[in-house]
Amino acid sequence: MVDLSTTYAGLKLRSPLIAAAAGITGTVERLKKAEDNGIGAVVTKSLFQKEICRVSPTPRFKVIKHSGSTTLYSYEQASEYGPEEYAEFIYRAKSQLSIPVIASINCYTDEAWIKYGKLVEQAGADAIELNLSCPHGVHLMSGIDVIKSMVATTKLMKNAVKIPVIPKMTPQSTNPGSDALRLDQAGADGLVMFNRFTGLDIDVEKEVPVLHGGYAGHGGPWSIMFSLRWISAVSPHIRCDISGSGGVMNGEDAVKYILAGAGTVQICSVIILNGYQVINRINKGIEKFMESKGYSSISEFKGKICSRIKSMDEVDRTQWAKAEIDMIRCTSCGLCARVCIYDGIDADEKYSVNDKCDGCGLCAEICPAKAISMVRR
Ligand SMILES: Cc1cc2nc3c(=O)[nH]c(=O)nc-3n(C[C@H](O)[C@H](O)[C@H](O)COP(=O)(O)O)c2cc1C
């Protein structure tokens, strides 16, 4: 019997999955749907000090297909609630849900951070997520030193409230690793790594930005590797809990975050695009992995990958591999020979590997017939 329960910033969660701040967590009814489908905790849609952000344009979503990947491009803005309505929303959420409710706020003055923080604390929030990382927020657009501001705000909020304080980091930084260490030292109880990127897509026919006409939030399955890289680098060195965020589409993705050192995993786009039922499926995916490995608790595999990541000096550089073509499967499409910059594949009547094969492995990766494998020289 596997146990999915975990802890995050001192809170007890029945599952490592957290519904990330977005429209999907904007009302009590939506929070209930997430709870009913097995979520471990919810982060409520961000309350913004900047009032203009409380109204979103329509339409505000675009699903952009790149070759083989997807971006959920969006210009969804803040919670529509003002501070008092938001506190009331948190109060109602707490009275109707039995899982932890984390309130997300985004301010640009110290006075508002303290005021909003105290309001949500009094309303019963279990923790506060500091959203200074919104891809269309004031801070990222103004060019101010976001990490300096994050550290100062973390300290400010730690003094202002008693509940856990969790900064949500931007991926748009020159050094997310040192940012995480600084926020940990500033007293953060948890860290969300990361919010989304700010992007631009262009309608080349009309020669204008797509959607609402400006920059927008930019994320998708492709973004997971960035978060995994930084979480695995910092998790062995920091005291506070990490919540992995970005690009989770299934149970395997969630497992990757835990192996990299995150104790919880935030999901958003996958719920927007598939509905709340997907939470159940992702929980089951994690359970299936645990059963197959004989793990009974999350802590048994959390961070397991960190000590297995090789440094540049440790990488095996022996030239042991070369390509081999299975002529029964080969359809003679010629793709392998076209992409081989080493001219390692002869494309006569029959395709064959010659001595110039460098062993890079690209042909085996792209062969549509899966006719190529890498073997020992
Ligand atoms: C439509 C949309 C709205 C979002 N709104 C917020 C928000 O209000 N506050 C916030 O901190 N993050 C917000 N996010 C970011 C998510 O909380 C989360 O960090 C991110 O989407 C995780 O990546 P994923 O969507 O690939 O799961 C939003 C994301 C999307 C897609």
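Me: How many helices and strands does the protein have?
Reply: This is a predicted model, where local features need pLDDT of at least 70, side-chain atom pairs count only at pLDDT 80 or more, and totals for chains, interfaces and linings use all residues. Residues are numbered from 1 along each chain as its sequence is written, and side-chain values use heavy atoms, with hydrogens and water left out. Helices (H or I, at least four residues) and strands (E, at least two) are DSSP runs numbered from the N terminus. The protein has twelve helices and 21 strands.

Me: What is the radius of gyration of the protein?
Reply: The globule rule is 2.2 Å times the number of residues to the power 0.38, and the radius is taken over C-alpha atoms. For 377 residues the rule gives 21 Å, and the protein's value is close to that, so the protein is as compact as a globular protein of that length; the radius of gyration is 23 Å.

Me: Which side chain has an N or O atom 2.6 Å from a nitrogen atom of the ligand?
Reply: A polar contact is a pair of N or O atoms within 3.5 Å. An oxygen atom of the ligand lies 2.8 Å from a polar side-chain atom of lysine 45, and an oxygen atom of the ligand is 2.7 Å from an N or O atom in the side chain of lysine 168. For the nitrogen atom at 2.6 Å, the side chain is that of serine 46.

Me: How much of the ligand's exposed area does the protein bury?
Reply: Accessible areas come from the Shrake-Rupley method with a 1.4 Å probe. Taken alone, the ligand exposes 600 Å². The protein buries 96%.

Me: Where does alanine 9 lie?
Reply: Most residues other than glycine have a negative phi. Alanine 9 has a positive phi of about 50 degrees. Its place is the loop between β1 (6–8) and β2 (11–13).

Technical notes. Polar contact = N/O pair within 3.5 Å; in protein donor to acceptor, adjacent residues only side chain to side chain.
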